[in-house]
Amino acid sequence: MSETVKYVSAKTLTELGTSLFVKGGLREKDAQVVAQDLVAANLRGLDSHGVSRIPMYLKRIRKGVVNPNPNIKIEKMTAAVSKVDGDDGMGFLAGHKAMDEAVRLAGQSGIGLVGVHNSTHYGMAAIYVMEAMKKGFISMAYTNSSPAIPPWGGRTAYLGASPFAAAVPSGNETPYVLDMAMTVIARGKIRLAATNGESIPEGLALDKDGAPTTNASKAFEGVCLPFGGAKGSALAMLMELLSGVLTGANYGGDVKSLYFDHSEPQNVGHLFIAIKPDLFVSKAEFEKRMDDFVRRTKSLPKAQGFDEILIPGEPEERKAAERLETGIPISVNVIKELEHELARYGLDSLAL
């Protein structure tokens, strides 16, 4: 076993997270939802959005900028559109409620659109589209976030990393699950590298003075760069417009930093879309076409250096299956941070 990493079961981490969030003031059912979502990110290999974020979330609750017991409200706008007020609670809770509503609306009208305001960071975006996919719906999730990247040509953080997620169910073949930030690298990965004392590759970020850096700590204080240059910046701007401007949430650099600003709630915005897959063809025909598409894709000639062609989401599913067996690798630095929180709330140590 590595001296810098320890392997912990998903069950242990979920129980740890649930206990900590209950001590932090969340209702037990809500604490379990948040803990499960964080561990789901770890299982899929997105460790930057996993249990390493627990201390940060607890701090925001203690600082009073996250409501531990929100009264999340749904307002019907039209036959296929609803609005959700997250009441400054954990974004996970508003996110699940909003996607559930989008699926309900889509079941009635064929498509459901739900905008969310007064929310906070909602973790791994794939969680919500996978939830809809398991119910048989095509779905998309948009969110804005605290400033992380400059608009193309700028040097100061203004647009969020703002991940976009989408999922399309299949019949018997691998479903399509996309979850991607608008940055070359997720900002959370830079934060995790900084926590672990690791450097980052060149070309991912600028320091606070606008100079390229491989120092993760300096990069976290500076800005990430958009993927694809101007194209990534333009997509990040679209995310800001659809999830911030459209929904009534904060936008244009006004979403407060998760780590550095405890002056007031974030007022993050999300936009969820759910679509019935049998709007134009039967469900059976859709699933047949989807399966055929996946088989065609995976049977294409392979480029040099590749053994297979993977569908978006497939690597993460394989990683989750592996980690359910081996346990989730958690760095000793993250474990120390979790141990500190356990001690703060008088809970038993992980004893790893």
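Helices and strands in this talk are DSSP runs, where a helix is H or I over at least four residues, a strand is E over at least two, and both are numbered from the N terminus. With that definition, the place of Asp 88 can be given as the loop between strand β3 (81-85) and helix α4 (91-109).

Good morning. The structure above is a predicted model, in which local features need pLDDT of at least 70, side-chain atom pairs count only at pLDDT 80 or more, and totals for chains, interfaces and linings use all residues. Residues are numbered from 1 along each chain as its sequence is written, and side-chain values use heavy atoms, with hydrogens and water left out.

I begin with Asp 88. Its phi is near 60 degrees, a positive value in a residue other than glycine. Is Asp 88 buried or partly exposed? Buried means under 20% relative accessible area, exposed means over 50%, and partly exposed lies in between, using a 1.4 Å probe and protein chains only. At 21% relative accessibility, Asp 88 therefore counts as partly exposed.

Asn 267 also has a positive phi, about 55 degrees, although it is not a glycine. Asn 267 sits in the loop between α8 (230-245) and β12. With a relative accessible area of 13%, Asn 267 is buried.

I now turn to the pockets. Rolling a probe the size of a water molecule over the atoms shows where empty space is left. The search runs on a 1 Å grid over the protein atoms alone: a cavity is a set of points where a 1.4 Å probe fits but cannot get out, whereas a pocket is an open set with protein on both sides within 12 Å along at least five of seven lines. Lining residues have an atom within 4 Å of a point. Grid points are joined across faces, edges and corners, and a volume is the space filled by probe spheres set on the points.

The largest pocket holds about 750 Å³ of space. Its lining has 45 residues, and those nearest the centre are Leu 46, His 49, Pro 163, Ala 181 and Ala 186. Which elements each supply at least two residues of this lining? They are β9 (176-180), α6 (187-195), β12 (268-275) and α10 (314-326). Of these, β9 gives the most, with 4 residues. For the classes, Ala, Val, Leu, Ile, Met, Phe, Trp, Tyr, Cys and Pro count as nonpolar, Asp, Glu, Lys and Arg as charged, and the others, Gly among them, as polar. On that scheme the lining of the largest pocket has 24 nonpolar, 15 polar and 6 charged residues.

The second largest pocket holds about 340 Å³. It is lined by 20 residues, of which Asp 47, Leu 192, Asn 196, Glu 198 and Ser 331 lie nearest its centre. Two or more residues of this lining come from each of α6, β13 (328-331) and α11 (332-344). By class, the lining has 9 nonpolar, 8 polar and 3 charged residues.

Because 7 of its 9 residues are buried, α6 is largely enclosed by the rest of the structure. The buried residues are Arg 187, Gly 188, Ile 190, Arg 191, Leu 192, Ala 193 and Thr 195. They pack against β6 (147-149), β10 (205-206), α7 (216-221), β11 (223-224) and α11. After α6 comes Gly 197, whose phi is positive, near 70 degrees.

How does α6 meet α11? Two packed helices are described by the angle between their axes and the distance between the axes. Axes are lines fitted to C-alpha atoms, for helices over the stretch in contact, and angles run from 0 to 180 degrees between N-to-C directions. The axes of α6 and α11 come within 9 Å and cross at roughly 90 degrees. That makes α6 roughly perpendicular to α11; angles under 35 degrees count as roughly parallel, over 145 as roughly antiparallel, 65 to 115 as roughly perpendicular and the rest as oblique. Contact means heavy atoms within 4.5 Å. Arg 191, Leu 192 and Thr 195 in α6 meet Asn 333, Val 334 and Glu 337 in α11. This contact has 2 nonpolar, 2 polar and 2 charged residues.

Finally, Glu 131 is in helix α5 (residues 126-134), where 8 of the 9 residues are buried. At 16% relative accessibility, Glu 131 counts as buried. Not counting residues up to four places away in sequence, Glu 131 touches His 96 and Asp 100. Thank you.
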